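Hi,

Here is the structure I promised to pass on. Have it open while you read, and my notes on it follow just below.

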Amino acid sequence: MMLNHSTDPIDPAKLTPCALTEVLSQAATDPAAFGALCAEADQIRARVFGDTVHIRGIIEFSNHCRNDCLYCGIRCSNSAITRYRMSADEILETALTAKRLGCGTVVLQSGEDPFFTAPVLSAIICRIKNETGLAVTLSVGVRTRGELAELKAAGCDRYLLRFETSSETLFNAIHPDCAFAERIACLQDLRELGYQVGSGFMIGLPDAPLEQIARDIAFTTQLNLQMIGCGPFLAHPGTPLAGKPTLEHRSVYYAAMALLRILNPHAHIPSTTAFDALDPDGRDRVMQCGANIFMPNITPAKYRRLYQLYPGKPSVDEGGDASFRRTCERLTALGRTVSTEAGHAF
Ligand code: 5AD
């Protein structure tokens, strides 16, 4: 199916995986079609959210991980990295910095670290909620329903858990410690427990052709998510997927983000950090093709270099203040306004 972007707005109901593949392949090679797709996504973002950008400060509080995901730089069998855990006091102090800077949300992200049990995390969440009042998002991997209930009761507002790929075969091949069904069941638990739920996938995994990216976009849309977080797959040299190439056509990464916005007008969509590792202005470009959220890294500078899921992570020597200031500059240059509100889901 050909979509005439210049005149017809895309009808989401028509976008089957087959049609999505067609849009992606057209965007790969036809700059005019690509430009029109991004412009349409940008218009939808502007209509639904305006120019206001909510800021979520990410705190990478532990790089310990019990899992051995084939793509990830902090996989347990990567013995080349120094492991760290921030103390509860350090995490709280960083959350206070986030509040002072003007973030509406803190995102607590880590590997699947057994040290941070639900009671330990709950105590930290309670302190953050009491002392900052910020919205709290967790991104700590798969947990049992009981643990998720405990964390919700402690005050956690949101949870991010990517499904990574909607191909069950590919998922199981790259996740030796987790089954696809388990990940999807966890997303279901999160929803039933009343979390604002975010998920998404890595764009351009090895052995994932355009058709798979199209299926991932369709699958994301079917999940009816409040937040959609996606980024490019980037081969980490310390993993079994070292040396795997990026996609031949860069525009596909951005076209995928634009399609996600077009199909999910009300979802909060961040411009994720990995885009800056793909292209120097990657995150700016994603902000201009549908994203309405920016997530500066506010992890203390001494830990940042140790939390590299993929190569080329930007700003590894920067502190939280500098990251936040640069975020504001970037967004202002794009004509956007920085909000200090929590930016909850609709
Ligand atoms: N390239 C891109 N993204 C990665 N992630 C982990 N490793 C990589 C990589 N090599 C992403 C996964 C995970 C998120 C926290 O980081 O999608 O869910």
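β4 and β5 run parallel and are joined by 3 bridges (strands count as paired if DSSP finds at least two bridges between them). Across that pairing, Leu 160 stands opposite Gly 198 in β5. On its other pairing, β5 goes with β7, again in the parallel sense, over 2 bridges, and the bridge partner of Ser 199 in β7 is Ile 228. Strand β5 covers residues 196-199, with Gln 196 and Gly 198 pointing one way, Val 197 and Ser 199 the other way, and all of them buried. Buried here means under 20% relative accessible area, exposed means over 50%, and partly exposed is in between, using a 1.4 Å probe and protein chains only. The strand and helix names are DSSP runs numbered from the N terminus: helices are H or I with at least four residues, strands are E with at least two.

Before going further, some housekeeping. This is a predicted model, so local features need pLDDT of at least 70 and side-chain atom pairs count only at pLDDT 80 or more, while totals for chains, interfaces and linings use all residues. Residues are numbered from 1 along each chain as its sequence is written, and side-chain values use heavy atoms, with hydrogens and water left out.

Next, β2 (residues 105-110). How many of its residues are buried? The count is 6 of 6, and both faces are covered: Thr 105, Val 107 and Gln 109 sit on one side, with Val 106, Leu 108 and Ser 110 on the other. Strand β1 (residues 52-62) runs parallel to β2, and 6 bridges join the two. Between β1 and β2 the chain passes through helix α3 (residues 88-101), in a right-handed β-α-β crossover. Right-handed means that, with the strands pointing away from the viewer, the path from the first strand over the helix to the second runs clockwise.

β2 also pairs with strand β3 (residues 135-139), in the parallel sense over 5 bridges, and Thr 105 stands opposite Ala 135 there. To get from β2 to β3 the chain goes through helix α4 (residues 118-132), and this β-α-β crossover is right-handed too. In β3 you will find Ser 139, which is buried with a relative accessible area of 12%. Leaving aside neighbours within four places in sequence, Ser 139 is in contact (heavy atoms within 4.5 Å) with Val 107, Leu 108, Gln 109, Ser 110 and Leu 160.

Now the ligand. Which residues are around it? They are Tyr 71, Cys 72, Arg 162, Glu 164, Met 202, Pro 232, Phe 233, Leu 234, Leu 309 and Tyr 310, taking a residue as near if one of its heavy atoms lies within 4 Å. A few distances to look at:

- A backbone N or O atom of Tyr 71 is 3.0 Å from a ligand nitrogen atom.
- A polar side-chain atom of Arg 162 is 2.9 Å from a ligand oxygen atom.
- A polar side-chain atom of Glu 164 is 2.6 Å from a ligand oxygen atom.

Glu 164 is worth a click. This residue is in the loop between β4 (158-160) and α6 (168-174), is buried with a relative accessible area of 10%, and has a positive phi, near 70°, without being a glycine. Asn 224 is another non-glycine with a positive phi, about 55°. Asn 224 belongs to the loop between α8 and β7 (227-228) and counts as exposed, at 57% relative accessibility.

Helix α8 (residues 210-223) holds Gln 212, which is buried with a relative accessible area of 5%. Not counting residues up to four places away in sequence, Gln 212 touches Thr 165, Ser 166 and Ser 167. The side chains of Gln 212 and Ser 166 are joined by a polar contact of 3.1 Å; that term means a pair of N or O atoms within 3.5 Å, where within protein one must be able to donate a hydrogen and the other to accept it, and residues adjacent in sequence count only if both atoms are side-chain atoms. The C-alpha atoms of Gln 212 and Pro 17 are separated by 8.5 Å, although the two are 195 residues apart along the chain.

Last, the core. The largest nonpolar core has 106 residues, and Ile 203 and Ile 217 have the most contacts inside it. A nonpolar core is a set of buried Ala, Val, Leu, Ile, Met, Phe, Trp, Tyr and Cys residues joined through side-chain atoms within 4.5 Å.

Best wishes
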